Amino acid sequence: MRTAYSVETVRTAERSLMARLPEGALMQRAAAGLAAACADLLGRVYGSRVVLLVGSGDNGGDALYAGLRLARRGAGVTAVLLAPDRTHPGGLAALRRAGGSVADPGAAEEVIRRADLVVDGIVGIGGKGGLRPDAAPLAALAEQSRAVVVAVDLPSGVEADTGEVRGAAVRADLTVTFGTHKPGLLIDPAREYAGSVRLVDIGLDLPEEADLEALQHADVAALLPVPGAESDKYRRGVVGIAAGSARYPGAAVLAVAGALRGGAGAVRYVGPAGDAVIARFPETLVSDRGPAKAGRVQAWVVGPGAGDDAATVAEVLEADVPVLVDADGLRLADRDAVRGRTAPTLMTPHAGEAAALLGVSREEVEGARLTAVRELAARYGATVLLKGSTTLVADPAGGPVRVNATGTPWLATAGSGDVLSGLSGSLLAAGLSARDAGSVAAYLHGLAGRYAADGAPVGAHDVADAVPEAWRDVRG
């Protein structure tokens, strides 16, 4: 599992470690890892041209000492100092002794234009509010150059704890981060600025519980419900789908598809799209008597394509089984009814739906995704899966927020969310917690989107059909 920790936690761990090490040893560990990553990118270090963008903090010191190591291997290293009177003195002196040079910020355009590699050591993980006016032009020059851009710990201008980008920021090809991932490296929009991420172990002693965690193949494989020899449809999980309307019958079909492909032992469908569902999936158990009389289920999915059917949403919320609320159901669900539930509830909004629930703009949600998902979980007393380029899953009780990055832009197609709802519902019915069901479903859904698309446009039904392939891949 990949984990990320807040700036405060990292700072505390760094102070503890530095108290046990010789002065400067921790910076040297970071610089060694940074220099090695830069050398790997360059391939041939000797004769290459490296530019260091050096701020006043420890990130600037890391960049200078890494530059020293590259200079010793024959690179031509030039440091551009943004705060000459506050530059790390030891690092600057060491770079100069190794033959490195210093350029005035006014001469930065020429040296950056000719560089093979630019190292961003402008601002550390404590930076807030985007780059300052003197630094923003340097970031733009680096982005426009032919050089590979490497960020030290975090791209300057993005916020480590939240993933927000509130102004100009460095766009890196590679971020070399130290000790642990920072939340901003895993959450958009900041993740987009980080490029590839390389973690350098510097010996930090971190708490067991992280602020953010991202499941990997092995974690998902351990959570997948696999039927045993004595399994029947109820042991595998029966999921109820209350979805679709005369206007949106396809939402019901796609939600059922997600549930069946997700391993449900059986699917009970309730709603006006029964004929469409049976035509596509004859194994579905269709009822026209409402959720309460549909028969035994172990979880419900309500809302996709439901239109204005508030009565069905309210009826499902009264059920004493896990419930997933999506799409129209999010708009129709009474917040007090959700908060009053004793069985688990999983809400799955996209940014626009989350914005409507929070009473803010879509842009505000997209710019501060971590804040939004935590706030929604707290307001509704429910687990919330916030869909998007990096899907986030937050529990109302707190704890690490789960982040999933397996998705692909090709999933931005009508009905894709309905497939995710059915897939998540099948996992709820199989007994997974709301947090695990949402996290595993997002992971599989993202992989299925990649497999179905393979770089070409697809429809939501293709994504549903690719879920078994994703399942097989995860299980190895």
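Mentor: Let's start with Leu 385: setting aside the neighbours within four places in sequence, Leu 385 is in contact with Leu 346, Met 347, Thr 348, Pro 349, Thr 391, Leu 392, Val 393, Leu 420, Gly 438 and Ala 442. Contact here means heavy atoms within 4.5 Å. Before we go on, note that this is a predicted model, in which local features need pLDDT of at least 70 and side-chain atom pairs count only at pLDDT 80 or more, while totals for chains, interfaces and linings use all residues. Residues are numbered from 1 along each chain as its sequence is written, and side-chain values use heavy atoms, with hydrogens and water left out.

Is Leu 385 buried or exposed? Its relative accessibility is 0%, so Leu 385 counts as buried; the cut-offs are under 20% relative accessible area for buried, over 50% for exposed and partly exposed in between, with a 1.4 Å probe and protein chains only. Leu 385 sits in strand β16, which covers residues 383-386. Strands (E, at least two residues) and helices (H or I, at least four) are DSSP runs, numbered from the N terminus.

Now let's see what lies beside this strand. β16 pairs with strand β15 (residues 345-347) in the parallel sense over two bridges; two strands are said to pair if DSSP finds at least two bridges between them. Within that pairing, Met 347 has Val 384 of β16 as its bridge partner. Met 347 is also one of the contacts of Leu 385.

Step back and you will find that β16 belongs to an open sheet of eleven strands with mixed pairing, in the order β1-β9-β18-β17-β16-β15-β14-β13-β10-β11-β12. At its edges stand β1 (2-4) and β12 (285-287), each with a single partner strand, so one side of each has no neighbour in the sheet. On average, neighbouring strands here are turned by 20 degrees against each other, direction ignored. Helix α12 (residues 310-317) packs on this sheet, touching β10 (238-242), β13 (299-302) and β14 (323-325), and its direction makes about 160 degrees with that of β13. For such angles, axes are lines fitted to C-alpha atoms, for helices over the stretch in contact, and the angle runs from 0 to 180 degrees between N-to-C directions.

Thr 391, which is among the contacts of Leu 385, has Asn 404 in β18 as its bridge partner. β18 also pairs with β9, in the parallel sense and over two bridges, and there Leu 212 stands opposite Val 401 in β18. In a regular strand, side chains alternate between the two faces of the sheet. In β18, Val 401 and Val 403 point one way and Arg 402 and Asn 404 the other way, and all are buried. How far apart are Leu 385 and Val 403? They are 18 residues apart in sequence and 9.5 Å apart in space, C-alpha to C-alpha.

What lies across these strands? Helix α19 does, reaching over β9 (212-214), β15, β16, β17 (391-394) and β18 (401-404), and running at about 15 degrees to β18. α19 covers residues 434-453, and its 20 residues span 28 Å from first C-alpha to last, close to the 28 Å expected at 1.5 Å a residue; the expected span is 1.5 Å times one less than the number of residues. Of its 20 residues, 17 are buried, so α19 is largely enclosed by the rest of the structure. Gly 438 and Ala 442 are among the residues that Leu 385 touches. After α19 comes Asp 454, whose phi is positive, near 50 degrees.

Finally, look for the other sheet. It is open too, with seven strands in the order β4-β3-β2-β5-β6-β7-β8 and parallel pairing. Its edge strands are β4 (101-103) and β8 (196-200), each pairing on one side only, and the twist averages 25 degrees from one strand to the next.
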